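Here are my notes on the model, point by point. Please read them with the coordinates open.

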Amino acid sequence: MEKFTNIVIGFGKGGKTLAKTLATNGQDVLLIEKSAHMYGGACINVACLPSKRLVLNAAAGLPFSQAVVAKNEMTSQLRQKNYHMVADEAQATVLDGTARFISDHVLEIALADGQTMQVEGQRIFINTGSKATMPEIEGLKESKYRLDSTTAMEQSERPNRLVVLGAGYIGLEFSSMFTKFGSQVTVIDRNQEFLKREDEDIAHALYEDLTADGIDFKLGAQVQAIIDHENEVEVVYEVAGQKQSVRADKFLVALGRQANTQDLGLENTGIATNPNGSVKVDDFLQTTVEGVWALGDVNGGLQFTYISLDDFRIVKDQLLGEGKRRLSDRTVVPYSVFTQTPLSNVGLTEKQAQAQGIDYQLFKLSAMAIPKAKVIGNQRGLLKALVNPKDDTILGASLYMEESYEVINLLALAIKAKIPYTQLRDQIYTHPTMSEALNDLFKAPVK
């Protein structure tokens with residue numbers, strides 16, 4: 001049995017970056033990846049980058065088939081770059097295979113040729129990511145018309161009619177994108193309230209814009225069955241006790257994601273899992289087995305590639321640094337929803353502040369007031385920010401506007417550094433930019 005100082009299971013953001021770092025620091029590393037199409041992880045192959053490439057190409061008016069070709073060329077280049085980033089290191093070995101624990105520090109690897117081998121790791125890092133949740137709905141798993149967030153981007157032809165199950169962030173991104181490409185999109189969601197996590201005014205603005213784009217929302221609807229027909233699929237759902245149905249060329253399941261732990265053989269170890277199947281970790285990302293860590297989606301944290309990168313920083317600090325970084329330090333995390341007009345948030349929403357009894361000053365601005373929005377040709381949107389009246393620091397912000405995914409990082413930095421809002425208000429920004437909207441957003445609080 002071959003022994004390694006470090007074994008990384010999964011080529012995701014946290015795992016690949018850790019493997020590269022350890023190898024360049026003279027430590028031997030084995031990186032195991034079950035799919036040659038996933039070198040570099042989900043983000044570059046089937047998630048963040050390819051999906052955003054499609055969103056941008058849709059906005060630019062590129063036909064779907066051409067957009068898919070361009071996306072595939074990009075992911076192929078990135079995949080090879082990421083593979084060589086690790087494989088070309090003298091101390092690193094990349095192995096194609098599926099790993100399964102047979103004890104706390106021993107793995108059995110099923111190779112592509114059908115053979116198996118066993119390896120032992122002094123340290124093991126689980127970085128197996130997550131997959132789309134498939135609910136128990138009659139006919140769903142058997143349907144030949146089913147898509148998830150991965151297979152939706154592998155289609156060579158655009159579905160003329162698409163039903164999206166779920167009006168969460170992933171569902172909205174795909175709905176907006178396919179609508180822009182020309183698909184007739186119907187979104188079915190069991191919640192009566194649209195984006196109930198967001199403030200009502202922000203959610204209402206996004207709902208109105210998506211509806212105006214042509215998306216047909218069925219809220220408060222419970223999917224009952226999926227029925228395959230010869231050339232189409234029928235989605236049967238119930239609203240207010242009334243059974244209804246809609247037919248389409250494809251349907252997309254966007255009902256959340258779950259950690260990839262089912263086939264890891266964790267039952268053969270002392271590694272504990274959470275009720276949702278994710279790996280249980282402490283403040284330093286260590287599992288309940290000494291010398292085993294879990295990074296990225298698999299540990300049940302926020303499912304963003306930049307969170308996986310920060311997981312890497314925490315583990316790196318333990319192995320090569322001072323051991324001070326920890327999960328509990330992660331208090332300011334921005335996120336963006338890449339609908340055609342993107343929505344970005346950081347910190348507290350107004351709804352959350354009210355629920356927690358936190359005092360705040362409210363600042364609001366319509367995106368129509370931003371000169372750059374006129375230049376871009378999209379004046380949709382609303383900007384909101386909450387400020388602590390005691391010390392003028394920013395409590396949170398919601399930006400529904402063009403390029404919000406860039407501007408939100410300024411606000412995240414201000415929150416983290418406790419910079420008063422007046423400094424952003426009086427800052428000199430280049431013109432015309434979306435960031436200069438902060439001059440006007442923070443002029444005066446809402447009375």
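1. **A partly exposed lysine.** Lys-218 has a relative accessibility of 23% and counts as partly exposed. The cut-offs: buried is under 20% relative accessible area, exposed is over 50%, and partly exposed is in between (1.4 Å probe, protein chains only). The side chain of Lys-218 meets that of Asp-216 in a salt bridge, 3.2 Å from N to O. Asp-216 is also partly exposed, at 34% relative accessible area. A salt bridge here is a side-chain nitrogen of Lys or Arg within 4 Å of a carboxyl oxygen of Asp or Glu.

2. **Ground rules.** This is a predicted model, in which local features need pLDDT of at least 70, side-chain atom pairs count only at pLDDT 80 or more, and totals for chains, interfaces and linings use all residues. Residues are numbered from 1 along each chain as its sequence is written, and side-chain values use heavy atoms, with hydrogens and water left out.

3. **Salt bridges across the chain.** The whole structure holds 26 salt bridges. One of them pairs Arg-247 with Glu-232, with the closest N and O atoms 2.8 Å apart. Arg-247 sits in strand β13 (residues 242–248) and Glu-232 in the loop between β11 (221–228) and β12 (233–239), so the pair ties together parts 15 residues apart in sequence. Helices (H or I, at least four residues) and strands (E, at least two) are DSSP runs, numbered from the N terminus. Arg-247 is partly exposed at 38%, while Glu-232 is buried at 18%.

4. **A buried aspartate.** The side chains of Arg-330 and Asp-311 form a salt bridge at 2.6 Å, N to O. This pair links distant parts of the chain, 19 residues apart: Asp-311 is in helix α7, Arg-330 in the loop between α7 (305–320) and β17 (335–337). Asp-311 is buried, with 0% relative accessible area. Arg-330 counts as partly exposed at 23%. Elsewhere, shared partners join Arg-161, Glu-232, Glu-234, Arg-247 and Asp-249 into one salt-bridge network.

5. **Helix α6.** Which residues of α6 are buried? They are Ile-202, Ala-203, Ala-205, Leu-206, Asp-209 and Leu-210. They cover an arc of only 160° around the axis, which puts them on the same side of α6. The arc is taken from the directions from the helix axis to the C-beta atoms. An α-helix has 3.6 residues a turn, so residues three or four places apart point the same way. On the other side of α6, Glu-200 and Ala-212 are exposed. The buried residues pack against α5 (169–181), β10 (216–219), β18 (343–347), β20 (382–387) and β21 (394–400). Just after α6, Gly-214 has a positive phi of about 115°.

6. **Nonpolar cores.** The largest has 36 residues; Leu-206 and Met-177 are among those with the most contacts inside it. A nonpolar core is a set of buried Ala, Val, Leu, Ile, Met, Phe, Trp, Tyr and Cys residues joined through side-chain atoms within 4.5 Å. Elements supplying at least two residues each include α3 (48–59), α5 and α6. Beyond its neighbours within four places in sequence, Met-177 contacts Ser-51, Leu-54, Val-55, Ala-58 and Gln-340. Contact means heavy atoms within 4.5 Å. Apart from this core lies another, of 27 residues, among them Leu-383 and Tyr-421.

7. **Cysteines.** The search finds zero disulfides (a pair of cysteine sulfur atoms within 2.5 Å). Cys-43 is buried at 14%. Cys-48 is partly exposed at 23%.
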